[in-house]
Amino acid sequence: MTTLLHIDASARFGRSDEISHGSHTRRLTARFVQHWTAMRPETNVIYRDVGQEPPPHVTGQWIHAAFTPENRREAWMQDVLRVSDALVDEILQADLIVAGVPMYNFGPPAQFKAYIDNIVRVGRTFGFDRSREGEPYWPLLSDSGKRLVILSSRGDYGYQPGGRIGTQNHVEASIRTAFAYIGVTDVHEAAIEYDEFADHRLAGSIRQAETAVKSLVSLLV
């Protein structure tokens, strides 16, 4: 049975196809899951809303706890890592990760950056050994077969690779980098643009993105 981890990172609540000023990324992730479960009704769906319930940011105590071997952690360290452990457990369970991540000021929302910081965990999603010959870091999920779908939205247009402002897009690239570091490299994308224009171009971009989502489901199912 496939386990799908559905993540929403938008600060907006609700979907743009349901309420005024709703989230485009929530719209896309919901559509993906709807199409997927229609084809694979036995799928186990885990939902995580980091937009409305952000994970705690990394602190000095978090770093101390994470880099302390598990068998030497004190009770307070376990408490500090409790949310991070739950988020990592979800990643480990998932076969497919579908993340709705809008662009905020050229990058992902702070809520999603906090999520990334909580799942890139030494000893759990990447290994580290100072005495290891060559590179001391290595991904722990390389052979897991996990796949990632990034569904984004942005106010302007031309953020795709080679586009008019593609070099200013730090959403997909940063997510790809972080997930590749832990061993998830099978990544697929779709995005809505022109949000700030709010005209026929936005409507057309939404249609294209929704078609792309449906195609991705057919490709990955």
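Trainee: In this predicted model, where is the place of alanine 191?

Mentor: Alanine 191 lies in strand β7, which covers residues 186–192.

Trainee: Why does alanine 191 count as partly exposed?

Mentor: Its relative accessibility is 22%. Buried means under 20% and exposed means over 50%, so alanine 191 falls in between and counts as partly exposed.

Trainee: Which residues is alanine 191 in contact with, leaving aside its neighbours within four places in sequence?

Mentor: With those neighbours set aside, alanine 191 contacts Ser152, Arg154, Glu172, Ser205 and Ala209.

Trainee: Why are α4 and α5 called roughly perpendicular to each other?

Mentor: Helix α4 (residues 82–93) and helix α5 (residues 110–119) pack at an angle of about 80°, and their axes are 8 Å apart. Angles of 65 to 115 degrees count as roughly perpendicular, and the two helices are therefore described in that way.

Trainee: What makes the contact between these helices?

Mentor: Helix α4 contributes Ser84, Leu87, Val88 and Ile91, while α5 contributes Tyr115, Asn118 and Ile119. By class, five of these residues are nonpolar, two are polar and none is charged.

Trainee: Which residues of the largest nonpolar core touch the most other members?

Mentor: They are Phe112, Tyr115 and Phe179, in a core of 29 residues. The elements giving two or more residues to this core include α4, α5 and β3 (96–100). Leaving aside neighbours within four places in sequence, phenylalanine 112 is in contact with Ile7, Ala9, Val50, Ala99, Val101 and Ile175. Another core, of 19 residues, lies apart from it, with Leu4, Trp36, Leu96 and Tyr194 among its members.

Technical notes:
Residues numbered from 1 in each chain as written. Predicted model: local features only at pLDDT ≥ 70, side-chain atom pairs only at ≥ 80, totals over all residues. Heavy atoms only, no water. Axes fitted to C-alpha atoms, helices over the stretch in contact; angles between N-to-C directions. Helix = DSSP H or I, 4+ residues; strand = E, 2+ residues; numbered from the N terminus. Parallel < 35°, antiparallel > 145°, perpendicular 65-115°, else oblique. Contact = heavy atoms within 4.5 Å. Nonpolar A, V, L, I, M, F, W, Y, C, P; charged D, E, K, R; others polar. Buried < 20%, exposed > 50% of the residue type's maximum accessible area, 1.4 Å probe, protein only. Core = buried A, V, L, I, M, F, W, Y, C linked by side-chain atoms within 4.5 Å.
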